[in-house]
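The sequence and the model are shown first.

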Amino acid sequence: MTQSPPLIIIGSGLAGYTLAREFRKLDETTPLTIITRDDGGFYSKPMLSNALSKGKGAAQLVTSSADEMGDKLGATIMAHTEVNVIDTVQHSVSTSQGDIDYSSLVIACGAVPFRPPMAGDATDEVLSINNLADYARFRERLESARRIAIIGPGLIGCEFANDLINAGKRVAIIGPDPYPISTLLPVAVGRALKSALSAQGVAWHLGTTATAVNHNGTGYRITLDSGSEITADLVISAVGLRPSIALAEASGIDVNRGIVTNRLLETSANDVFALGDCAEVSGMNLFFVAPLMTGARALAQTLSGEQTAVEYPAMPVVIKTPTCPLVVSPPPRDVTGEWHYEGDAPNITARFTAADGVLLGFALSGDAVVQKQALTAVLPPVLR
Amino acid sequence: MKTWRCIICGFIYNEAEGIPSDGIPPGTRWEDVPADWECPDCGARKDDFEMVEI
């Protein structure tokens, strides 16, 4: 008997493996192959930014090896394998291990850290931490580092800062933003976070950018465009992510910021889908766990024969800064309205409401985070 | 009382504490948490949790 070609998933991160798990709940027999350039171990990605103070190293974050995942999922895992190009007409992928045909293909290859151009002789020693291998390198270098400079005062930068402070390191954060996590948080909540982390010893260099990183003895000297310089034993870049689109682009699949998909997560090529950080779903790139889980469940349905469009409910983001707990559900970009604040730092309830009083977003800090469920319940869905 | 961990994001569910803000009173055993309950941090479902030894 000739078996039909497998469903192929490219990527073994949270998107790829969550889809595989959801798909297997619905279909136990269709052959499934997962191709990954990593080692294929399953690990908790969100914990990369809080594992240090939990006493977990890179190895402890891996809950299942590639072999164990293959057994659990009834899947062939091709680890350490690069996909060169997708032949969307022939329905096959060309990989470093040879060509493989697919019945359906899901691109779940994630995003890569954006690295702003900087001068200096040590820029290639600046760490970005976006996968387990990066994390292992970070922990190794951290052993001999006391002063850490973080370029990028966004969500990931602040989570790492809090984790490093809790582990007894000295932390400086650099970035052009007027206050931390300024793309998600309203100003009063961002300032509450800033004060709370300051009180724990974080040094802020905001309203400025790092222009150069040079060697300085065993550490580094970072030059800021404000003219000042700071020194550190380790420099981390957490400026932001860009969807990985190179493979799709090289294969003639439509891309914009991410790989363009409709609400069925279909790309411009027949039987090719995109999921997770690499996908731009109905114009939205959302680099969070909840949209990815929602997308994986819908796509699992679609791939097992029941076409299911992605619906995003309100998806508040929990920010792992235990010094000042935060939850935010940012208002949609294209709406008008105003932020209204209640309470004093660090315990702030911020509501974003339209002129007619309808709640469109919120941000909570400190003790106010207990209101997350109550406020989420009255928010409109993100995509329906 | 036992403790459970979300394999996706590391969220800990402690039976002794429950999650009162999520409508789950202290002392709620894992098997009594509703099947449609989702991880408050990442949206994973109940079957994406595993028991953590304490």
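Which residues in H1(A) meet which residues in H8(A)? In this predicted model, A:Leu14, A:Ala15, A:Thr18, A:Leu19, A:Glu22, A:Phe23 and A:Leu26 on the side of H1(A) meet A:Val289, A:Leu292, A:Met293, A:Ala296, A:Arg297, A:Leu299, A:Ala300, A:Gln301 and A:Leu303 on the side of H8(A). Sorted by class, the contact of H1(A) with H8(A) has 12 nonpolar, two polar and two charged residues.

Two packed helices are described by the angle between their axes and the distance between the axes. The table sets out these values for the two helix pairs treated here.

| Helix pair | Angle between axes | Axis distance |
|---|---|---|
| H1(A) and H8(A) | roughly 40° | within 8 Å |
| H1(A) and H3(A) | about 25° | 10 Å |

Angles under 35 degrees count as roughly parallel, and with an angle of about 25° H1(A) and H3(A) are therefore roughly parallel to each other. The axes of H1(A) and H8(A), by contrast, cross at roughly 40°, and these two helices are therefore oblique to each other; their crossing is right-handed.

The partner H8(A) spans residues 289-303 of chain A, and its 15 residues reach 21 Å from the first C-alpha to the last, which is close to the 21 Å expected at 1.5 Å a residue. H8(A) is mostly covered, with 14 of its 15 residues buried, and it is followed by A:Gly305, whose phi is positive, near 110°.

In the other pair, H1(A), which comprises residues 14-26, packs with H3(A), which comprises residues 66-73. Here A:Tyr17, A:Ala20, A:Arg21 and A:Arg24 in H1(A) meet A:Ala66, A:Met69 and A:Leu73 in H3(A), and the residues of this contact divide into five nonpolar, no polar and two charged.

Turning to the strand, A:Ile107 lies in S9 of chain A, which covers residues 104-107. Is A:Ile107 buried or exposed? Buried means under 20% relative accessible area, and A:Ile107, with a relative accessible area of 0%, is therefore buried. When residues up to four places away in sequence are not counted, A:Ile107 touches A:Ile10, A:Ile86, A:Ala248, A:Ile253, A:Ile259, A:Val272, A:Phe273, A:Ala274, A:Leu275 and A:Cys278. The C-alpha atoms of A:Ile107 and A:Ile245 are separated by 9.6 Å, although these two residues are 138 residues apart along the chain.

Technical notes
Residues are numbered from 1 along each chain as its sequence is written. Chains are lettered from A and ligands numbered from 1 in the order in which they are written. This is a predicted model: local features need pLDDT of at least 70, side-chain atom pairs count only at pLDDT 80 or more; totals for chains, interfaces and linings use all residues. Side-chain values use heavy atoms; hydrogens and water are left out. Helices (H or I, at least four residues) and strands (E, at least two) are DSSP runs, numbered from the N terminus. The expected span of a helix is 1.5 Å times one less than its number of residues. Buried means under 20% relative accessible area, exposed over 50%, partly exposed in between (1.4 Å probe, protein chains only). Axes are lines fitted to C-alpha atoms, for helices over the stretch in contact, and angles run from 0 to 180 degrees between N-to-C directions. Angles under 35 degrees count as roughly parallel, over 145 as roughly antiparallel, 65 to 115 as roughly perpendicular and the rest as oblique. A crossing is left-handed if the near helix is turned anticlockwise from the far one by less than a right angle, and right-handed if clockwise. Contact means heavy atoms within 4.5 Å. Ala, Val, Leu, Ile, Met, Phe, Trp, Tyr, Cys and Pro count as nonpolar, Asp, Glu, Lys and Arg as charged, and the others, Gly among them, as polar.
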